[in-house]
Amino acid sequence: IGVRLVGSEMCIRDRGGGDKFIDLGSGEGAIVVQAAADYQVSAAGIELVRSRHEKAVQALDSASADVASRCSLVCGDAAGEDAAVLLKEATVVWCSNLCFDEELQQRIADRICEAPCVRAVACLYPFPHGLGELVQQQIPIFCRMSWSGRVQSSGDPFLLGFPCTVYLRC
């Protein structure tokens with residue numbers, strides 16, 4: 001998946017289906033299913049909270065057979081051994097880390113840095129100590145989140161989404 005900025009939107013383009021997408025903290029699985037459906041890539045998600053994981057499994061059951069065949073969902077720790085296994089082949093990572101404490105973010109960052117193929121990471125909040133060889137980009141991207149709606153600050157025009165941080169391997 002190639003990431004590029006167009007205005008305030010992040011555009012993702014598949015590079016021949018070879019990318020492996022992983023969502024660390026995948027919640028109800030919407031991003032995992034969307035990545036597989038829209039970009040024809042293999043996609044995986046890992047979620048700690050069992051009730052959210054079960055909703056993700058239900059969502060995947062509603063997806064087409066083609067999409068479901070390219071998705072995997074794990075109920076586990078986004079910084080644990082299951083995540084390390086998923087990250088071994090991941091090339092693009094999404095992490096909705098806005099509410100994660102610094103210790104969890106560091107554990108996740110360590111897992112990402114150990115992953116040999118990761119070339120792009122997008123997250124809601126910059127990792128406190130960075131991501132090793134992955135370079136934080138200076139311009140945020142705006143990601144539409146189910147909870148973000150429209151954001152407006154003192155007279156600025158409405159922006160869609162939440163400003164996210166992007167890290168790229170140079």
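The chain has five helices and twelve strands; helices (H or I, at least four residues) and strands (E, at least two) are DSSP runs, numbered from the N terminus. This is a predicted model, in which local features need pLDDT of at least 70 and side-chain atom pairs count only at pLDDT 80 or more, while totals for chains, interfaces and linings use all residues. Residues are numbered from 1 along each chain as its sequence is written, and side-chain values use heavy atoms, with hydrogens and water left out.

**Overall figures**

- The chain comprises 170 residues, of which 41% count as buried; buried means under 20% relative accessible area, exposed over 50%, and partly exposed in between (1.4 Å probe, protein chains only).
- Of the contacts between residues at least 6 apart in sequence, 60% join residues at least 24 apart, where contact means heavy atoms within 4.5 Å.
- The accessible surface of the chain is about 9000 Å², and 53% of this surface belongs to carbon and sulfur atoms. Accessible areas come from the Shrake-Rupley method with a 1.4 Å probe; for residues, only the protein chains shown count as cover.

- Helix α5 covers residues 102-114, 13 residues in number, and reaches 18 Å from its first C-alpha to its last, close to the 18 Å expected at 1.5 Å a residue. The expected span is 1.5 Å times one less than the number of residues in the helix.
- The buried residues of α5 are Q105, I108, A109, R111 and I112. Seen down the axis of α5, these buried residues fall within an arc of 160°, so they line one face of the helix; the arc is that of the directions from the helix axis to the C-beta atoms.
- The packing partners of the buried residues of α5 are the strands β3 (20-24), β6 (92-95), β7 (120-123) and β8 (134-136), together with helix α4 (81-87).
- The N-terminal end of α5 is capped by D101, a side-chain oxygen of which lies 3.2 Å from the backbone nitrogen of E103.
- A115 lies in the loop between α5 and β7 and is buried, with a relative accessible area of 5%. Leaving aside neighbours within four places in sequence, A115 is in contact with L87 and R169.
- A115 and T91 are separated by 24 residues in sequence and by 8.7 Å in space, C-alpha to C-alpha.
- T91 itself is found in the loop between α4 and β6 and is buried, with a relative accessible area of 11%. Not counting residues up to four places away in sequence, T91 touches D19, K20, C117, V118, R119 and A120.

- In helix α1 (residues 30-39), the buried residues are V32, V33, A35 and A36. Viewed down the axis of α1, they fall within an arc of 160°, so they line one face of the helix.
- These buried residues of α1 pack against β3, β4, α2, α3 (65-69) and β5 (71-75).
- Q40 follows α1 and is placed in the loop between α1 and β4. Q40 is partly exposed, with a relative accessible area of 44%.
- Although Q40 is not a glycine, its phi is positive, at about 50°. Most residues other than glycine have a negative phi.

- Five of the six residues of strand β4 (residues 42-47) are buried, so the strand is largely enclosed by the rest of the structure.
- Strands β3 and β4 run parallel and are joined by five bridges; two strands pair if DSSP finds at least two bridges between them. The bridge partner of F21 in β4 is A43.
- H53 is situated in helix α2 (residues 50-62) and is buried, with a relative accessible area of 11%. Residues up to four places away in sequence aside, H53 touches G27, E47, L73, V74 and C75.

**Strand β12 and residue V166**

- V166 is located in strand β12 (residues 162-169) and is buried, with a relative accessible area of 8%.
- Not counting residues up to four places away in sequence, V166 touches V121, A122, V135, Q136, Q137 and I141.
- V166 and L134 are 32 residues apart in sequence, and their C-alpha atoms are 9.3 Å apart in space.

Definitions and conventions
A polar contact is a pair of N or O atoms within 3.5 Å; within protein, one must be able to donate a hydrogen and the other to accept it, and residues adjacent in sequence count only if both atoms are side-chain atoms.
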